[in-house]
Amino acid sequence: MSLAFDDYGRPYIILREQGSKKRMKGLEAYKSNILAAKAIANTLSSSLGPKGMDKMLVSPDGDVSVTNDGATIVEKMEIQHPTAKLLVELSQSQDAEIGDGTTGVVVLAGKLLEQALTLLDKGIHPLKISDGFDRACDVAIKHLETISEEIDIQANEHEALIQAACTALGSKVVSKRKRELGKIAVTAVLDVADLNRKDVNLDLIKIQTKTGGSVEDTRLISGILIDKDMSHPQMVKEVNDAKICLLTCPFEPPKPKTKHNINISSAEDYKKLYQQEQQYFVDMVKLVKDSGANIALCQWGFDDEANHLLLQNNLPAVRWVSGTDVELIAMATGARIIPRFQEITPEKLGKAGSVKEVQFGTSNERMLVIENCQCTKAVTILIRGGSQMIVDEAKRSIHDAICVIRNLIKDNRIVYGGGSAELACAIQVLQYADEVSSVEQYAIRSFADALEGIPSCLADNCGLNPITSVAQAKARQLQENNHRIGIDCMELGTTDMKEQRIYETLSSKKQQIQLATQVVKMILKIDDVIAPDDY
Amino acid sequence: MDIVGNVLPQVLKDEATEDKGEMARLQSFVGAIAVADLVKTTLGPKGMDKILKPTGPGQEMTHITVTNDGATILKSMYVENPAAKILIEISKTQDEEVGDGTTTVAVLAGELLREGEKLIQKRIHPQQVIAGWRIARDVALKRLRDISTENDIESQEFHNDLIKIAKTTLSSKLITTDRDYFADLCVKAVLRLKGSSNLDYIQIIKIPGGTIRDSYLDDGFILKKQITIGCKRRIENAKILVANTAMDYDKIKIYGTKVKVNSMDKVAEIEAAEKEKMKHKVDKILQYQPTVFVNRQLIYNYPEQLLADAGITVIEHADFEGMERVAAATGAEILSTFDAPERRDQILGNCELIEEIMIGEEKMIKFSGCKKNEACTIVLRGSSIHILDEVDRSIHDVLCVLITTVKNRRVVWGGGNSEMQMAAACDEEAKRVQGKQALAIEAYARALRQLPTIICDNGGYDSAELVQNFKVELEKGNLSYGLNMNDGSIGDMKELGVKECMRVKEQALLAASEAAELIMRVDDIVKCAPRKRERA
C-alpha cells in the first residue's frame, strides 16, 4: 500500500503521483521479471550451437541485419523491459570481456531463471535460491578447472588454435569456410601477438569489409588497408620503401583558434597577404619534402593549390585519413603523428615496404594498402561477400574467432564443447547437492538441471531428441568417467568431443557461468518494481 | 500471452514486433519470392521493361524511368520486407562488382527460396537444406569453371569472344535490333583502355534527336562544354593546360581577412591590386605558352579577356570528371599553381586538333589525335531522353561485362547452357549423396533450371518442352547447345555465337547462394519501432 494513515486517521501519500505509477510487488514482481528475462533467453536459445538459426533484425531506419551473435541480437532488439535489459548487459559484458559465448550466457541465465520460477512456486525464499545458486556456481567453477586441459598452442602449426577458432565460427553463416577463415584469424592474431607477454593488441588487427566476391575471397593482408585514395588523380599509385609523414594538420593556411580579424586597409596589405598565403603552401610542402618523406598521409583536407604543389614535388599524399587509421599507421610504421608542419623531422617518419593503390569491381573504388611496416606487424583482414549483410555478419564472426584465439594465447587451458563441460559440472553439482542439509539443496539441484539445459538446447537445435541425447550423454559420462562426452551436433558419429575437436576456452566457460549466476541472483533480489505507468 | 494463459510482460518497445519460427520464415519467403517474381519478367532477350514512377509531391509525372535493368528497378523500389531488402542488396553488389546479371542474381535467389520453402514444408530442417545447397553450390561452381574456356588476350578469338559476349548482353536490352553495331562499338571502346579497368575514361554523352543508329564512338574525346566567346574555334597541334584554380576573384584564403578601409581611394587601390593579382596569375599561365586553357572552375570576364588577347582558347567550368578525362586523354597534368614553367613539356597536354562541333542542337568540344589515347567518348542519340537513359544503362552493362571479361578472360556458352550444365552436375551429385541433403541438392538443380525456363516463358514459348529437350541434348553430349530465342528452339550456341562472361555467372551464383542461405537461416525477425520523423 502506498497510502498510510496518521495518528488521527487522516490518509497521507507515501509515493508521490502514485496514481500515474505502476507498481508490482512480491511474487508478482518476481514472476513478471523472470518471464521478461526468459522471453529474451527464449529468443536467443535457437541461435545456440553449430546448427543454431539466425535472427533478422530491422532497425528503426529500416536497415536489415542478419546475425547469430547473441550480443548483437540483444543490442539491436530495442528492449525496454528493465529486467530484460539486465540480460542485454549480461550479454554485452561477456562480449567485452571474452568476445565469444554471448549467446550461451543468456541461454544459461534463462535456464536458471526457469528453475528459479519452479522453486518460487514451491515456496522457497528467493534469497535461499540465490544462495544455493551461488554455492553451486562455486562448485561448478572448481570442477571446470579440474577438467580443463592445457593445450600446446604451438604444436602442429597451431592446430589447436585453428580448431578453437573453427568452433567459434561453426555456428555462423560463414561456417562453410570455417577452416579457411579460422586460419586467417589465427595467422592474424599470431602476427601481432606478443607471445612473451602472452598478450595481443587487437587494435593491430583491422577488419575491413567490402561487398563483392564471396566469403571465400576473404583474405589476410599483411599490412594496413585504408579506404582512401591519393588526393590527386595523377599522383603515382605505388611507392616503394615508403617514408611516411603522418600529419594531423591540414594543408591549408592556419586558422588560429582565437577569434580574430585581419583588416585589409591598403593595396600593400592585400599584396602582402597574398604573398604570405602563397608562401604558406610552398613552405608546407617544402617542410614535408625536406624531411625525406616520400608519401604524406593527412588526417585533414588539402587546399587545391597545396594539392597540386604536392603533385609537382612528386609527393603522393592522402587526405581525410580517419583518426583510428592514423593511430594504427603510426603504431605499425613507427611514425610519430605530427601536429604541426614545423615539427617535421626525419626521425618522425614512419617506414613501410610499399604503399600502393588497389582497385575493386566496376564502380572504380580504390583502397590503399600499406605493407611491410617497420615496427609491429599490423594486419588487415579484408572481408568480401555477396551483400552488406553477409560481410557484416562475417565481420562479427571473425571478431569472435579472434577473441577466442587471443584468450587461448593468454590462458591456454581449454574445456571441451558440445555441452560436455556443462554436463560434467551438472553431475558434480548434483553430487554436492546431496551433501547440503539445508533448503539450499533444492536450489543447488536446480542449478544442475539448468546446466543440463545447455546440452539439451544444443540437441534441440540440431534436430536431435533433447531428452534422450542428454540422458545418454550423462549416463556415458558417469559410466566411463569421461567428461568429454557431449552432444553430437554435427552427426559425426562420436560423442567424444576430443575426437570431434570442439574446443572452448576455460576462461569463456567460467565467465559464462559466473556472469549468468550473478545476473540471476540480481533479478531474484528485486521484489518491487515501480515505474511510470505509461511506458 | 503464452500457451497456458499467463500474461507476459511487454519486453520490447511499443510498436516493435517479433515474429518467430514459421511466421518469420513465411515472411522471408513471401518477400523474397515477391521481389524475384517482380523482376523475373525482364529476364532474357524477350524480357519486358518496367516503368518506374517516383513518388512524392510534384514529381509524380516527371523523371519517369523505363528500364529492363534489374539493379535499377530494385534500387528504385521501396520495400519494407527485410528478406526482400537482402535480395535488393545482392543485386546492387552484383552491379558494383561485375555490372551485369543483376536480374539473374535476384531471380536465382528467389527460386532457391521457393524450392527451399517446399523442402521446409516437407519437414526438412533449414540447416539440412543449407548443407545440401552448399554441396550443390560447390559442384555447380566446379562445373562452371570446368566448362569455361580461355583465349589469349591478344588473339583474334578473344576479340570475337568479346563481340559475342557484348551481343549476348545486348540481346536482352532495348537496343537488341542494333546489337551488332553496338557490340562492335563497345568492344572498340573497351579495347582502347588497354587492359585498364577504369570506366571513367569512357564517357557517354546523351543527346536527344536522331535515331539510335546515329550513335557512334568518337576516336577523340568530347567535352560537353563550349569554347568561350571570342576565342578560336579550331586549333591544330594544341598545347593544353589543364587547371583547377580559382579564376573568378581568387579570394585570400587566410582565415579571418576582411577589407576595412576609410576612403574610396583605398577601395580603388585594392581593386587595382586584386586586378593586378589576377593579371599576375594570367601572366604565369602564359609562361607555359599553352594554346588552350581548360579550367575546372569559373573564369571571370577579366582573366578570360586577358587570355583571349594572348590568343589562347579558353574552356571554363569543366567539371571534375571532364577535366580528369581531358588530362588522361591528352597526357596533361592538372595544375593548381603556376610556378614551374620549366616543366612545361611534362605539364602540357597535346592533341592534334581541337574543334567545336555540333551534335544535334548542342555545341561540344572535340579533342582528336590525343597524345595518350586512353579516353574516348560514346555519343548516344535517340528519340527521347527515356530511351537514351535506357541505352546508357545498357551500354554501361555491356562495358562492365567486357571489362570483367578482359580481366578474367574465361567465357561460357550462353542461352542457358551454363545453368543447365550446372543443374546437371547437381543432379549427378545428388545421386551420390546420402541423407536428406540430397533433396536440397536436387532442389538447387531445379532452381538453376528455372532460369532458362523463365527465359522461355518470357519469350512466349513452351518452356516445359524446350527445357526438357535441352536436357536431352546435353545428355546426348551436345555440350554447346542452348536456347535459341529467335525461333524458340534448341540450337548449337557455337553456330549462333552466343557467349557469356564466366565471371558474371560465377558472381551471380555465389551471391544468390549466399543470400538464400542467409535468409534460410533466419528463424526470428525483430522489427524495431520505426523512427518517428517530423513532417516538414
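## Basis and confidence

Residues are numbered from 1 along each chain as its sequence is written, while chains are lettered from A and ligands numbered from 1 in the order in which they are written. In this predicted model local features need pLDDT of at least 70, side-chain atom pairs count only at pLDDT 80 or more, and totals for chains, interfaces and linings use all residues; side-chain values use heavy atoms, with hydrogens and water left out.

The model has an ipTM of 0.78 and a pTM of 0.83. The pLDDT is the predictor's confidence in each residue, on a scale from 0 to 100. Its average in chain A is 83, and 96% of the residues score at least 70. For chain B the mean is 82, with 92% of the residues at 70 or more. Within chain A, helix H5 (residues 126-147) has the highest confidence, at 91, and strand E2 (residues 11-13) the lowest, at a mean of 69. Where pLDDT is low, the predicted coordinates should not be read in detail.

## Chain A as a whole

Chain A contains 16 helices and 21 strands. Helices (H or I, at least four residues) and strands (E, at least two) are DSSP runs, numbered from the N terminus. The C-alpha trace of chain A spans about 95 × 80 × 40 Å along its principal axes. Of its 535 residues, 57% count as buried. Buried means under 20% relative accessible area, exposed means over 50%, and partly exposed lies in between, for a 1.4 Å probe and protein chains only.

## A three-stranded sheet in chain A

In chain A, strands E6, E19 and E20 form an open sheet in that order, with antiparallel pairing. Strand E6 (149-150) and strand E20 (503-505) of chain A are at the edges and have a single partner strand each, so one side of each is left without a neighbour in the sheet. Two strands pair if DSSP finds at least two bridges between them. Strands of a sheet pair through backbone hydrogen bonds, either parallel or antiparallel.

Strand E19 (residues 413-416) of chain A is joined to E20(A) by three bridges, and the two run antiparallel. Along this pairing, A:Val415 is opposite A:Glu504 in E20(A).

## Strand pairing in chain B

In chain B, strand E4 (residues 149-150) and strand E16 (residues 410-413) are antiparallel partners, with two bridges. Here B:Thr149 stands opposite B:Val411 in E16(B). E16(B) also pairs with strand E19 (residues 499-501) of chain B, in the antiparallel sense and over three bridges. B:Val412 has B:Glu500 of E19(B) as its bridge partner.

## The largest cavity

The structure holds four cavities of 30 Å³ or more. A cavity is a set of points, on a 1 Å grid over the protein atoms alone, where a 1.4 Å probe fits but cannot get out; lining residues have an atom within 4 Å of a point. Grid points are joined across faces, edges and corners, and a volume is the space filled by probe spheres set on the points. The largest cavity has about 130 Å³ of space.

Residues of chains A and B line the largest cavity, among them A:Val173, A:Lys176, A:Ile390, B:Arg134 and B:Glu517. Helix H5 (126-147) and helix H17 (502-520) of chain B supply at least two lining residues each, and H17(B) gives the most, with three. The lining has four nonpolar, one polar and seven charged residues. In this scheme Ala, Val, Leu, Ile, Met, Phe, Trp, Tyr, Cys and Pro are nonpolar, Asp, Glu, Lys and Arg are charged, and the others, Gly among them, are polar.

## Selected residues

Two residues of chain A have a positive phi without being glycine: A:Asp241, near 45 degrees, and A:Trp320, near 55 degrees. A:Asp241 lies in strand E12 (residues 238-247) of chain A and is exposed, at 58% relative accessible area. A:Trp320 is in the loop between strand E15 (317-318) and helix H10 (323-333) of chain A, and is partly exposed at 48% relative accessibility.

In chain B, B:Arg449 belongs to helix H14 (residues 437-459) and is buried, with a relative accessible area of 11%. The C-alpha atoms of B:Arg449 and B:Gln468 are 9.9 Å apart, with the two residues 19 residues apart along the chain. B:Cys351 is buried at 4% relative accessible area, and B:Cys528 is buried at 7% relative accessibility. A disulfide is a pair of cysteine sulfur atoms within 2.5 Å, and by this rule the count over all chains is zero.

Notes
1 Å grid on protein atoms, 1.4 Å probe; cavity = no way out; pocket = protein on both sides within 12 Å on 5 of 7 lines; lining within 4 Å.
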